[in-house]
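I'll jot things down as I look them up.

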Amino acid sequence: MGSRIVEVDGFTWNIDDRGDGPAVVMCHGFPGLGYSYRHQLAALVAAGYRAVAPDMPGYGRTGRPREVEEYTNVAVADRLVRLLDVLGIDSAVVVGHDFGAPVAWTTALRHPDRVAGLVLLAVPYSPDRMPVRPSEIFRGLADKHFLHLHYFQEPGVAEAELDPHPREFLQRLFFALSGGYRYLDVWSHPSDGRGYLDVLPTAPDLPWDWLADDELAHYAAEFARTGFRGGLSWYRAYDANWEASRPYEGAKVQVPTLFVAGDRDPVIAMSGPSALERMRDFVPDLRGAHLLEGAGHFVQMERRDEVNELLLSFVSGIRIPTRTAEQHFHRRSST
């Protein structure tokens, strides 16, 4: 099928939908696209699976709601399930990277019958909520350090800096978050009066061993067309997420789960040494927690072969129901 537009209850999704068989649905984060799973799409289809990678809300050719509440994990999880209905997918392994990881686990918590298995990339499952509104914590940290989480909060500020320079920003951020750089060095810069481009390192010329020039050009062209507002809305939804996640504080994820990250991913450093043990306590069917040596944040690209091997091994052990055309028609007619 390939890339196509799907309308669901008046909302536009752009999805890459390939192959037949049990479904694997992959959710990206910032600054990504469904294209961020290009290596996994090919591997899954070759192994006999149906692989679906949407541009998430706010990105690419998918709709970009203006209200930040539309970017909470709860709102996106519910919207994702409605997309599965239209695609005729009763149950899938759901993969999430970066912001896509909490969307994936929220889908498993809210709609456990629709998630046969869960794969979390870069972000370990956490059952905890911050003690106060996230924006308050970000504001306090930003008094002394440049913190993108705070810098992205005010609508229009980051857009004015980044929208005119999509390729430069993406190249520098991809490098800074990769295993080739220590991202937390960015925090050593004072925050006052600085933008993101003022603190990100200069990136080496392409190609890199995990990113080609034409691949970066694809990202740059999409963000040049859309701007960054949609992607930044996920950051501006932190407080709304904090409220919406209240019912799930302390919840256990009951579906089979795989966790994979780079051991140089700054998310792992920021999560703290106890994060993986905390995840093990709240994910009873955790079937692997892998830190890939030398990899950074974009593990599905930086270590495509290792991630593909782990992903395929995991999904091969999951029973993923599929639906006949007649069953699909009946379900759509009854919803």
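I call a residue buried under 20% relative accessible area, exposed over 50% and partly exposed in between, using a 1.4 Å probe and protein chains only. By that cut-off Phe152 is buried, at 0% relative accessibility.

Housekeeping: this is a predicted model, so I keep local features at pLDDT of at least 70 and side-chain atom pairs at pLDDT 80 or more, while totals for chains, interfaces and linings use all residues. Numbering starts from 1 along each chain as its sequence is written, and side-chain values use heavy atoms, with hydrogens and water left out.

Rings next. I pair rings of Phe, Tyr and Trp (its six-membered ring) when their centres lie within 6.5 Å; planes under 30 degrees apart are stacked, over 60 edge-to-face, the rest tilted. I get 28 aromatic pairs. Tyr151 and Phe152 make a tilted one, 6.0 Å centre to centre with 45° between the planes. Tyr151 is buried too, at 14% relative accessible area.

Then charges over rings (NZ of Lys or CZ of Arg within 6 Å of the ring centre and within 35 degrees of the ring normal). I find the charged end of Arg38 over the Tyr35 ring, 4.3 Å from its centre. Arg79 sits over the face of Phe11, 3.9 Å from the ring centre.
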